[in-house]
Structures are given as structure tokens and as C-alpha cells.
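I jot down here what I looked up, spot by spot.

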Amino acid sequence: MRKITFFLLATIAGLVGLFSYRTSFGEAVPQARPAEAATPSPAPPPTLVAGGRTVDGDAIFTEYGTVQVRVTFAGERIADVAVLQKHTVHEHSLVLNELALPQLREQVLQAQSAEVDTVSGATATSRAYLDSLQSAIDRAHTR
Amino acid sequence: MTPDRFPLPRPRDGVLGRAVTAALACATVLVVAALWLSDGGPAALRADGTGLVTAARLTGLVAADMLLLQVLAMARVPWVERAWGQDRLARIHRLLGFTSFWLMAAHVVLVVAGYAASTDTGVLAQLADLVVRYPGMLLAAAGTMLLALVVALSVRAARRRVRYENWHLLHLYAYLGVALALPHQLWNGAHFVTSPAACAYWWTLWGGAAAALGVFRIGRPLWLSRRHRLTVGEVRHEASDVYSVYLPGRRLDRLAARPGQFLTWRLRTGRGWSRAHPFSLSEAPRADRLRFTFRAAGDDGARLAGAAPGTAVLIEGPFGTLTEGRRRGERVLLMAAGIGITPMRALLEGMRYADSELTLIYRARSAEELVLRDEIDAIAAERGAQVIYLPGPPPPGRISWLTAELAERYADHEALTHLVPELSGRDVFLCGPPPWMAAARAALRLAGVPARQIHDERFGW
């Protein structure tokens with residue numbers, strides 16, 4: 001019985017320790033920003049294009065949340081892609097957003113189409129982004 | 001021809017109960033597999049860069065489900081106990097335990113490798129990131145370590161070195177490990193975060209398991225102990241290190257214990273009272289008294305043997321399926337070795353049989369170790385049972401159910417045919433040390449007794 005009391009107290013102490021950590025109640029610890037980004041990097045400014053017009057893509061629902069983009073066209077050219085909604089469901093989605101969304105934007109601006117490679121490991125995010133983008137392109141052309 | 005003097009009970013060997021519980025268990029695995037499928041599992045498995053993480057999810061889900069089943073297998077739910085018997089449940093628990101542990105290990109490796117690959121991070125950095133930042137992951141890491149500890153201690157080589165009581169105490173950490181691993185599933189698992197139905201299902205299942213534990217491992221034993229108020233009436237020394245404990249109590253007919261069953265006993269002596277011992281009833285249970293007989297091994301045996309009259313007793317049970325319910329025919333052979341006589345002694349008294357339909361073979365290492373012999377003789381004389389005592393050392397160099405003396409003259413199965421008339425038609429109930437039971441079972445099979453007529457329980461501690 002003495003042994004049991006000892007184990008019980010040690011276990012309770014361990015649990016108190018564990019539960020005093022912030023993630024133990026369902027919270028996530030935000031990602032640490034790399035040093036160069038310590039100054040809040042301004043959101044990619046909506047490129048001001050003379051005569052540019054913006055078209056919103058469809059909101060794409062996936063198991064990780066919703067993704068929607070806004071495309072700025074300068075004539076026929078894709079001048080910019082901004083993200084209106086992105087995956088939020090779990091911590092790893094946020095990591096993948098940071099990683100994949102800028103990369104996708106670069107590729108799209110270069111290729112001037114939604115037909116670019118998905119980012120490895122972020123397939124769902126990429127597909128949703130590109131689908132939303134494609135719907136915006138289609139809409140722009142049918143206007 | 002045996003006239004129909006008494007109705008034999010319908011064999012209640014639990015086939016239906018086993019089928020139903022096994023089907024339910026399989027259904028829970030199918031549900032998690034369906035969850036994974038509905039989220040596009042197989043497609044994501046092939047997709048660029050998400051294969052590892054998708055496989056990790058499947059292994060994690062199945063591992064968690066098996067952890068749940070393992071808890072339920074040990075929850076002492078009465079109808080599950082009746083269907084399977086505690087010995088088989090313990091073996092299933094062990095099998096599920098090791099399987100789920102390896103699935104869990106695969107889950108950890110796959111998640112870390114998959115996330116590391118997709119974010120271009122080192123494996124160790126990714127592991128640290130997961131544990132430190134993701135919700136519920138510190139708990140899950142602690143839970144994993146507890147489960148790893150429990151599994152390591154349960155590997156046979158390690159288990160032999162730890163005293164049972166200590167091993168059992170540490171094994172309880174598995175509950176904590178399982179519970180600590182649960183939150184991260186609900187907070188990070190995409191299925192549970194996005195689908196309220198899946199989330200509700202998971203909560204229901206785990207809530208149900210926790211409730212079953214509370215009711216059947218804690219509530220019911222306490223309630224039974226209170227209702228029957230068993231106390232130590234007398235501890236009687238039988239032979240060398242064998243003792244019988246007589247336990248008067250109230251309304252024991254309501255306990256519905258049957259001959260051949262065992263209970264888990266906690267004698268509330270001072271220090272060490274919390275240690276529970278499973279011992280068979282060594283006489284047919286009466287409405288006002290139970291009795292168990294045990295071999296006092298170790299210091300805890302001395303504590304039990306020294307229990308003062310009036311000591312309160314907590315019980316769990318009754319457990320075990322080595323009862324008349326397994327019986328298929330009229331003729332019976334009981335075979336006991338050593339302290340394995342206890343349930344056979346209860347069956348000898350409590351079974352239904354007519355003159356000369358029952359034979360008891362009782363093996364012991366010496367005539368002095370044939371405990372309970374006087375009462376066995378008395379019952380046999382009254383009921384017309386045949387008793388064959390086989391005292392003597394076992395043969396050197398081979399494992400046999402016989403004494404050395406008989407083993408010189410007969411093969412194992414020949415001895416059986418010589419000793420027991422009409423052997424092949426009998427139901428045989430076996431109890432003794434596991435190697436002895438294995439030898440006896442082999443001899444019975446060779447002598448033509450069908451496997452379905454051989455009844456035993458194998459506890460492997």
C-alpha cells in the first residue's frame with residue numbers, strides 16, 4: 001500500500017506537470033518566425049495594375065478547411081494571386097500553408113495558368129488552390 | 001445404456017457470445033478503416049508526397065481502435081467473460097497489445113517522416129516540433145512512453161524477472177498511456193476535427209470503454225463484496241504448504257458461482273491487502289459459505305495463511321468457464337495434478353452424475369501431497385465416483401502426465417485407456433501445471449478423445 005501511495009503521488013505530480021503545458025488543452029504553439037521575418041512582412045500587396053480587375057475563384061472545401069483565391073488580371077495576364085481563405089483545420093495545415101502558398105503563387109505567375117505542379121507533401125492544399133484559381137480564370141474569360 | 005435420470009444442461013460453451021463479440025470488435029476496425037477510406041485514403045497513398053502521412057493515419061487509427069478493444073477485453077464484462085473465459089481473453093489481450101504497439105510505432109515513424117519530407121525539415125527537428133507545438137502532442141508523447149514501458153515489461157523475458165504485484169501495478173499505467181494518447185487524435189486527426197459524426201463516434205466508444213471499466217472493475221466488485229460480506233472464518237492447514245480458507249458470507253446463492261469457477265480474492269489483512277489472488281473454489285459453493293484452497297508460495301502466501309478469523313474479504317467474480325456448462329455427454333473424467341485439484345474437487349461434488357459415471361484421476365508428487373483426500377474419498381463413496389490416486393515423482397527426462405513408475409510400463413495414452421473405462425466418450429476436465437496439461441491433452445487425443453470433449457483453462461503467468 002505504501003508503494004501504491006508513492007506511485008499514485010508521483011503519477012499525479014507527472015500529470016499536473018503535463019497539463020500545465022499549453023498544448024495539453026488543445027491549443028497549438030504558434031510557429032516561430034524565421035529571423036528575417038521578425039518585422040511583420042506586409043501581406044503581398046494587391047498589385048496595383050492600371051486597368052486591372054479582380055476576380056474571385058470558387059471556395060473549395062476539403063477535409064482540411066476551405067481555400068479561395070482572388071486573381072488580379074491585367075488584361076489577359078495574371079498579375080497577382082491573393083489568398084482569401086486557406087486551410088485551418090489542424091496545425092500541420094498551417095505549416096503547409098506557409099510553405100506551399102507562396103510557392104504556388106510564384107509558379108502560377110510564371111506559367112500564367114493553373115496548370116502547374118502541386119507542392120510535394122501539400123497535395124490537398126495545392127489542388128484546392130489551383131482549382132479555385134482555375135475557376136477564377138474561367139470566370140474571367142466568360143465575362 | 002444410461003437411462004435419462006437427470007437432464008443434462010444444454011452445452012453453454014459460448015459460441016453465440018463469441019460470435020457476437022468478435023463481430024462487434026471487427027466492426028469497430030471496419031469503421032475506422034471506412035473513416036480513412038472516406039477521406040480518400042487509397043488515392044492519397046499514391047499521391048505525391050502525402051503517402052507517408054496517409055499511411056500514418058491508417059496505422060494510428062487501427063492502433064487506437066485495438067487499444068480500445070484491449071481495454072474492453074480486460075474490463076471483466078460478465079457476458080464477455082462467459083463467452084470467452086478469462087484465460088482466452090488474456091491471450092487475446094496480449095496479442096492485441098503487441099500488435100497495436102507495433103502499429104503505434106509505425107504511426108509515429110510515418111508521421112514524423114511524412115511531415116519532415118513535406119516541410120523539408122530534419123527528422124529530429126520535425127519530431128521535436130510535433131511534440132512541442134502541436135495540440136495534445138506532449139500528452140501523446142508521454143502516453144507513448146508509458147505504453148512502451150508496459151510493453152517492454154510484458155515481454156516474457158522481462159516479465160519473469162518482475163514480481164507479479166509490481167508488474168501488475170506498472171501495467172496499470174497502460175490505462176493512463178491510452179488516455180493520454182486520446183486527445184491528440186481528436187485535435188490533430190483530420191477525420192475527427194472536420195466530422196462531428198466521427199468525433200461523436202470516437203467519444204462514445206471511449207466513453208463506453210471507460211464506463212465499462214468503472215462499472216465492472218470497480219463498481220460491481222465493491223457492490224458484490226458489500227452484498228455478500230465475506231469474512232475469513234477459518235484457515236485450515238491441509239498439507240505442507242497448502243491451506244484452505246473458509247469464508248462465511250450472506251446470500252451467496254445470489255452470487256451464482258458454479259463449481260469449477262474461481263474468484264479474485266483480496267484479504268483485508270494489514271499491509272499488502274490490496275494484492276488480489278485468483279483462486280478456485282475448492283468445494284461446491286453454498287448459500288452461506290465459500291472455500292478456496294491455495295498453495296502458499298512466497299511471502300504473500302504467508303500473509304494469506306496467517307489471516308485472522310473475521311478478516312473482511314473483497315471479491316471479484318465469479319470467473320472461469322471450466323464448469324458443467326461445457327459438458328456434452330453423460331460420462332466424465334476429471335484429471336488433476338497438484339494444486340489443480342481444487343476446481344476438480346468442486347466439480348466432483350457439484351456435477352450431476354450417476355453411479356460410476358465419473359472418474360477422477362489425481363496426480364501428486366507424493367502421497368502426502370494428495371491434499372483434500374479424505375473429503376474426496378467421502379464424496380466418491382457417497383456419489384459412486386471412481387477415484388484413481390497417482391502419487392509419485394514424474395519420470396526424469398520427459399514430460400509425461402504419469403508417475404515415473406507408470407511411465408516405465410505404459411505409454412502416456414495407453415495408461416489412460418487402461419485406467420479409464422469407455423474413455424473416448426467422456427468429457428474430460430483438466431487442471432494442473434501447463435506442461436502437465438499439455439502432456440495429458442496429447443495423451444487424451446492419442447487415446448481417441450475428440451478435442452471438443454477436452455476442457456481446460458490455461459493461465460500463463
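I started with Arg76(B), which counts as buried at 13% relative accessibility; buried means under 20% relative accessible area, exposed over 50%, and partly exposed in between, with a 1.4 Å probe and protein chains only. This is a predicted model, in which local features need pLDDT of at least 70, side-chain atom pairs count only at pLDDT 80 or more, and totals for chains, interfaces and linings use all residues. For my own bookkeeping: residues are numbered from 1 along each chain as its sequence is written, chains are lettered from A and ligands numbered from 1 in the order written, and side-chain values use heavy atoms, leaving out hydrogens and water.

Back to Arg76(B): I found a positive phi of about 60 degrees there, although the residue is not a glycine. I noted this because most residues other than glycine have a negative phi. Arg76(B) sits in the loop between α3 (51-73) and α4 (78-84) of chain B. Helices (H or I, at least four residues) and strands (E, at least two) are DSSP runs, numbered from the N terminus.

Next I checked Glu422(B), whose phi is also positive, near 50 degrees. Is Glu422(B) buried or exposed? Glu422(B) is exposed, at 54% relative accessible area. I located Glu422(B) in the loop between α17 (412-419) and β10 (427-431) of chain B.

Then a peptide bond: the one from Gly317(B) to Pro318(B) is cis, with omega near 0 degrees. Most peptide bonds are trans. Pro318(B) belongs to strand β6 (residues 313-319) of chain B.

I moved on to an open sheet of three strands in chain B, ordered β1-β2-β5 with antiparallel pairing; two strands pair if DSSP finds at least two bridges between them. β1 (234-239) and β5 (289-295) of chain B are the edge strands, each pairing on one side only. In chain B, β2 (residues 242-248) meets β5(B) over seven antiparallel bridges. I looked up one partner: Tyr243(B) bridges to Phe294(B) in β5(B).

Helix α13 (residues 298-305) of chain B lies across β1, β2 and β5 of that chain, at about 145 degrees to β5(B). Contact here means heavy atoms within 4.5 Å; axes are lines fitted to C-alpha atoms, for helices over the stretch in contact, and angles run from 0 to 180 degrees between N-to-C directions.

Last stop, chain A: I placed Ile12(A) in helix α1 (residues 2-19). Ile12(A) is partly exposed, with a relative accessible area of 46%.
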